[in-house]
Amino acid sequence: MRQLSQSTASIVYNGLRQKIIDLTLKPGALLVEQKLAHEYGVSRTPVREVLVWLASEGLVEILRNRGAMVAPIRVDAVRTAQFVRESLEVSVALTAAKNMNALARLKLSHAIEEQELANAEGNAELFYQADEAMHLEIAQIAGLPLVWGYIEEAKVQMDRVRRLSLSQAQSFDKLIAQHRRIVSAIAANDPVEITDSLNAHLRQVLPDIDALRRNRPEYFDEDAQDRPVSSTLHGQTVAGLA
């Protein structure tokens, strides 16, 4: 966030951005400069700067003469984020597989255990954090932690869908099984299985959107295309990947 180097703007940016991504602030919520300035103990100038920056990320909409509001989730942006994430993360995992050792296996095993703990507690937030930690750990094993930073920047819209999906899940068993498959493939240094397991895992967000758009349409862009997101994926149907 080099463009927002001042500490006051950084605090507002990080706090507001996180609330939008974790859906504390839902799409359509009004963002009043004066109220935000009071909340963060800053002047309106850094708040205005942050709102413009968040608008450039697609998380905020600036309303002429009406301030700003949290932007709806844009389906095309999620599709793009998924493509970028898959392209980068498969390469990261293939590299990590070449660097595996006993310590790396232990760290990934611990990451799965943290997810199982969150699952047992039915804690979606804890599971989300453990999920993110596992993917970051894979990047660190690969010696490419900065690539995870690029992925995080690219997947902000995708993360809002993930948060919404996790909040409605009865359990996280399916995701944990997918993670176990990924970790096993990396530990075995099996390029085909690494690619297949990550593709299946990361593409799950696409059919999830179709269900969420039907059940929670208020979170999504009204102008989103009517065709199902999962109808076409990298030249093949999602059903064909199952």
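Contact here means heavy atoms within 4.5 Å. Helices (H or I, at least four residues) and strands (E, at least two) are DSSP runs, numbered from the N terminus. The model is predicted: local features need pLDDT of at least 70, side-chain atom pairs count only at pLDDT 80 or more, and totals for chains, interfaces and linings use all residues. Residues are numbered from 1 along each chain as its sequence is written, and side-chain values use heavy atoms, with hydrogens and water left out.

**View 1. Helix α6 beside helix α9.**
In α6, the residues F127, D131, M134, H135 and I138 meet L175, I176, H179, I182, V183 and I186 of α9. By class, this contact of α6 with α9 has eight nonpolar residues, two polar and one charged (Ala, Val, Leu, Ile, Met, Phe, Trp, Tyr, Cys and Pro count as nonpolar, Asp, Glu, Lys and Arg as charged, and the others, Gly among them, as polar). The axes of the two helices come within 12 Å and cross at roughly 15°; axes are lines fitted to C-alpha atoms, for helices over the stretch in contact, and angles run from 0 to 180 degrees between N-to-C directions. That angle makes α6 roughly parallel to α9 (under 35 degrees is roughly parallel, over 145 roughly antiparallel, 65 to 115 roughly perpendicular, and the rest oblique). The crossing of α6 past α9 is left-handed, a term used if the near helix is turned anticlockwise from the far one by less than a right angle, with right-handed used if clockwise.

**View 2. Helix α6 beside helix α7.**
Here the axes of α6 and α7 come within 7 Å and cross at roughly 140°. The two helices are therefore oblique to each other, and their crossing is right-handed. From α6 the contact takes E132, H135, L136, A139 and Q140, and from α7 it takes P145, W148 and E152. Four of the residues in the contact of α6 with α7 are nonpolar, two are polar and two are charged.

A nonpolar core is a set of buried Ala, Val, Leu, Ile, Met, Phe, Trp, Tyr and Cys residues joined through side-chain atoms within 4.5 Å. Buried means under 20% relative accessible area, exposed over 50%, and partly exposed in between (1.4 Å probe, protein chains only). The largest such core has 31 residues, and L108, M134, I138, I186, I194 and L198 have the most contacts inside it. Two or more residues each come from α4 (75-98), α5 (102-121), α6 (124-141), α7 (145-154), α9 (173-187) and α10 (191-202). Helix α6 gives the most, with six residues. Apart from neighbours within four places in sequence, L108 is in contact with M100, M134, E137, I138, I141 and V183. A second, separate core has 20 residues, including I20, I21, V47 and V50.

**View 3. A97 in helix α4.**
A97 is placed in helix α4 and counts as buried, at 6% relative accessibility. Not counting residues up to four places away in sequence, A97 touches I186, N189 and I194. A97 and N189 are 92 residues apart in sequence, yet 4.8 Å apart in space, C-alpha to C-alpha.

**View 4. E125 in helix α6.**
E125 lies in helix α6 and, at 38% relative accessibility, counts as partly exposed. Between E125 and S167 there are 42 residues of sequence separation and 8.3 Å in space, C-alpha to C-alpha.
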